[in-house]
Amino acid sequence: MNLDTREPTIDTLGVLETAALLRELTAGLIAVDDFDAALGRLVRIARDAVPEVTWCGFTALRAGEPAGAAASDPALAGLDDLRHGPDSPPMTAIRRREMTIAPDLDGEQRWPAWTARARGLGVRGVISAPVDVDEQAIGAINLYADAGGILSTRHQLTAMLLAEHAGLLLAAVRDRARQAERAGEIDGALLGEGVVSQAIGVIMTQRGCPAPEALEVLRSAASSLDIPLREVAERLVTTVSRPREG
């Protein structure tokens, strides 16, 4: 990472603020299984928690292609979205795999078009830190200030820790999304399977519940009895199919 070490990086208040930010970020993303929703939470939490940062954004790539952006303020979304142009601090951070810093945009020459657009929106400083999510998804977390010269070494350290932590949390979000998708496919297959489908129908009739809830009842019974779900279904169907003794 391109971390400026000319200022002291150990600062008790800064450490406590960063620790609180990472805790809040974990709590905010721990149960989310939608990647875009997670990005929205990420940028809002970071904006509110990092002192002197006015806005926060995230630039996302999937399979090497621009995949949209998230912004704490919709008016600034174009600054994070690579579809509006690849010549920007986020893309520089992603391409070079190192933190990109522009503490005062008034004298910035590296991204003329982007800088002009950013200044027009009130942005005067930016830090972009690359985020590694998984084999398919990467990105950059972007911290924006509305005054030049206030993004310090402490902000750079926070951005670095935020990027590393966000990468782990977003990878978990994508894992949960894949698991939910696979579970949905499995549920669809089970709902169409003979004896399991019959057992689900029995439970729906008995409890007046929808099919997904009936399937969960079967799963819970299978787990409690420590037997395969299909066997639970067979037992239930056999039981209700027995003729009543007169």
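Predicted model: local features only at pLDDT ≥ 70, side-chain atom pairs only at ≥ 80, totals over all residues.
Where does Ala-63 lie? Ala-63 sits in the loop between strand 1 and strand 2 (65-71). Start with the overall layout.

The protein has 9 helices and 5 strands. Read from the N terminus, the elements follow the order α-α-β-β-α-α-β-α-β-β-α-α-α-α. Of the 246 residues, 41% count as buried. Take the contacts with a separation of 6 or more: residues 24 or more positions apart account for 60% of them.

Now go inside. The largest nonpolar core has 36 residues. Leu-25, Leu-39, Leu-42, Phe-58, Ile-141, Leu-162 and Leu-170 touch the most other members. Which elements give two or more residues to this core? They are helix 1 (12-29), helix 2 (35-49), strand 1 (55-62), strand 4 (125-132), strand 5 (137-145) and helix 6 (153-191). Helix 6 gives the most, with 8 residues.

Leu-25 is then in contact with Leu-42, Ile-45, Leu-162, His-165, Ala-166 and Leu-169. A second core is separate and has 14 residues, including Cys-209, Leu-215, Ile-227 and Leu-229.

What is Gly-57 in contact with, leaving aside its neighbours within four places in sequence? The partners are Val-43, Ala-70, Ala-71, Asp-80, Ala-140, Ile-141, Asn-142 and Tyr-144. Tyr-144 is 87 residues from Gly-57 along the chain, yet their C-alpha atoms are separated by 8.1 Å.

Next come the backbone angles. Most residues other than glycine have a negative phi. Glu-52 has a positive phi of about 70°, although it is not a glycine. Glu-52 lies in the loop between helix 2 and strand 1. With a relative accessible area of 44%, Glu-52 is partly exposed. Ala-63, the residue we began with, is not a glycine either, and has a positive phi of about 55°. Is Ala-63 buried or exposed? Its relative accessibility is 55%, so Ala-63 counts as exposed.

Of its 8 residues, 6 are buried, so helix 4 is largely enclosed by the rest of the structure. The buried residues are Pro-89, Pro-90, Met-91, Thr-92, Ala-93 and Ile-94. What do they pack against? Their partners are strand 1, helix 3 (77-80), strand 3 (100-102), helix 5 (112-120), strand 4 and strand 5.

Helix 7 (residues 194-207) packs against helix 9 (residues 229-241) at an angle of about 60°, with the axes 8 Å apart. That angle makes helix 7 oblique to helix 9. The crossing is left-handed. Helix 7 brings Val-195, Val-196, Gln-198, Ala-199, Val-202, Ile-203 and Gln-206 to the contact. Helix 9 meets them with Leu-229, Arg-230, Ala-233, Glu-234, Leu-236, Val-237 and Val-240. By class, this contact has 10 nonpolar, 2 polar and 2 charged residues.

Helix 9 also meets helix 8 (residues 211-225). How do these two helices cross? Their axes come within 9 Å and cross at roughly 105°. Angles of 65 to 115 degrees count as roughly perpendicular, and helix 8 and helix 9 are therefore roughly perpendicular to each other. From helix 8 come Leu-215, Leu-218, Arg-219, Ala-221, Ala-222 and Leu-225. From helix 9 come Leu-229, Val-232, Ala-233 and Leu-236. This contact has 9 nonpolar residues, no polar residues and 1 charged residue.

Look at helix 9 from both sides. Leu-229, Ala-233 and Leu-236 are among the residues that meet helix 7, and they are also among those that meet helix 8. Leu-215 and Leu-229, which take part in the contact between helix 8 and helix 9, are included in the second core.

Methods: Residues numbered from 1 in each chain as written. Heavy atoms only, no water. Axes fitted to C-alpha atoms, helices over the stretch in contact; angles between N-to-C directions. Helix = DSSP H or I, 4+ residues; strand = E, 2+ residues; numbered from the N terminus. Parallel < 35°, antiparallel > 145°, perpendicular 65-115°, else oblique. Left-handed = near helix turned anticlockwise from the far one by under 90°. Contact = heavy atoms within 4.5 Å. Nonpolar A, V, L, I, M, F, W, Y, C, P; charged D, E, K, R; others polar. Core = buried A, V, L, I, M, F, W, Y, C linked by side-chain atoms within 4.5 Å. Buried < 20%, exposed > 50% of the residue type's maximum accessible area, 1.4 Å probe, protein only.
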